[in-house]
Amino acid sequence: MKAREIRKAFLDFFKERTHTVVKSSSLIPHDDPTLLFANAGMNQFKRCFLGEDQRAYTRAASSQKCVRAGGKHNDLENVGRTARHHTFFEMLGNFSFGDYFKEDAVQYAWDFLAGVMGLPKDKLYATIHEGDAGMKLGADEEARGYWARYLPSDRILAFPTKDNFWAMGDTGPCGPCSEILIDQGPSIGCGRPDCRPGCDCDR
């Protein structure tokens, strides 16, 4: 499947679910002095999340051109060492501005990956935030409950803050996050006894 086909399938999926398709912003943000290059799909919606901008829509989907070669999201050291790190890529994203939350986000993610894309359900895992005593946060049991509608408990993995807590910066919007992983099998892994989906290797 070609990149343009994946992009179209993703944007069509969310358009059918009343998301406004927003074109990629410039790689050089025109109104954000904190960024040299766009490095995430949410960059162009930053002011929406900060409550400084109100759009004509509350749901959006985009395919954002990104560069990660420095700063907070710097993948440069891993480029060439793994199969999943790149300096330039397109980030597919769906966004809600005060509309839906975790339950619908989980359902949309599952329906797209397992349904539209046809990824093998028995190889899919979900991750949640395990909690953080320093931030006085317990495990994200709400997300675990939603993932449990689709996955057995042994394929819902809890990871620490460095892996499953999203933050826009040192201050501002932040919170626990979830990811979907596909297990490519031990033959792709690093060979360590504790290697599993979510390992730093390419498994």
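Mentor: The model is a predicted one.

Trainee: What makes Arg59 and Asp99 a salt bridge?

Mentor: The rule asks for a side-chain nitrogen of Lys or Arg within 4 Å of a carboxyl oxygen of Asp or Glu. For Arg59 and Asp99 the N to O distance is 2.9 Å, so the pair meets the rule. This pair links distant parts of the chain, 40 residues apart: Arg59 belongs to strand S2 (residues 59-67), and Asp99 to the loop between strand S3 (88-96) and helix H3 (102-116).

Trainee: Why is Asp99 called partly exposed?

Mentor: That label covers values between 20% and 50%. Asp99 has 36% relative accessibility, so it counts as partly exposed.

Trainee: How do you know that Arg17 and Glu16 form a salt bridge?

Mentor: Their side chains meet at 3.5 Å, N to O, and the limit is 4 Å. The accessibility labels are as follows: Arg17, with 26%, is partly exposed, and Glu16, with 63%, counts as exposed, because exposed means over 50%.

Trainee: What about Asp53 and Arg55?

Mentor: They form a salt bridge, with 2.8 Å between the closest N and O atoms. Asp53 counts as partly exposed at 26% relative accessibility, and Arg55 counts as partly exposed at 26%. By the rule, the count comes to 14 salt bridges.

Trainee: Why can such side chains pair at all?

Mentor: Opposite charges can pair when the charged atoms come close.

Trainee: Why is Asp140 called buried, and what does its side chain meet?

Mentor: Asp140 has 7% relative accessibility, so it counts as buried; the cut-off is under 20%. Its side chain makes a polar contact with the side chain of Lys102 at 2.9 Å. Asp140 lies in the loop between S4 and H4. Leaving aside neighbours within four places in sequence, Asp140 is in contact with Lys102, Ile128, His129 and Pro176. Salt bridges that share partners join Lys102, Asp140 and Glu142 into one network.

Trainee: Leu137 is in the loop between strand S4 (124-129) and helix H4 (141-147). Why is Leu137 called partly exposed?

Mentor: Leu137 has 33% relative accessibility, so it counts as partly exposed. Not counting residues up to four places away in sequence, Leu137 touches His129, Gly131, Asp132 and Phe165. Leu137 and Pro176 are 39 residues apart in sequence and 9.3 Å apart in space, C-alpha to C-alpha.

Trainee: How do you know that domain 1 and domain 2 touch each other?

Mentor: The domain assignment gives domain 1 (1-100) and domain 2 (103-202). The contact takes 18 residues from domain 1 and 15 residues from domain 2. The area buried between domain 1 and domain 2 is about 1,300 Å², and carbon and sulfur atoms give 73% of that area.

Trainee: What polar pairing is found between domain 1 and domain 2?

Mentor: The rule finds 1 residue pair in polar contact across the interface of domain 1 and domain 2, and the count of salt bridges between domain 1 and domain 2 is 0. On the side of domain 1 that touches domain 2, the elements giving two or more residues are helix H1 (3-15) and helix H2 (46-49). H1 gives the most, with 5 residues. The residues of that side of domain 1 divide into 11 nonpolar, 2 polar and 5 charged.

Note on methods. Residues are numbered from 1 along each chain as its sequence is written. This is a predicted model: local features need pLDDT of at least 70, side-chain atom pairs count only at pLDDT 80 or more; totals for chains, interfaces and linings use all residues. Side-chain values use heavy atoms; hydrogens and water are left out. Domain bounds come from an automatic or database domain assignment. Contact means heavy atoms within 4.5 Å. Buried area is the accessible area (1.4 Å probe) that two parts lose on being put together, summed over both. A polar contact is a pair of N or O atoms within 3.5 Å; within protein, one must be able to donate a hydrogen and the other to accept it, and residues adjacent in sequence count only if both atoms are side-chain atoms. Helices (H or I, at least four residues) and strands (E, at least two) are DSSP runs, numbered from the N terminus. Ala, Val, Leu, Ile, Met, Phe, Trp, Tyr, Cys and Pro count as nonpolar, Asp, Glu, Lys and Arg as charged, and the others, Gly among them, as polar. Buried means under 20% relative accessible area, exposed over 50%, partly exposed in between (1.4 Å probe, protein chains only).
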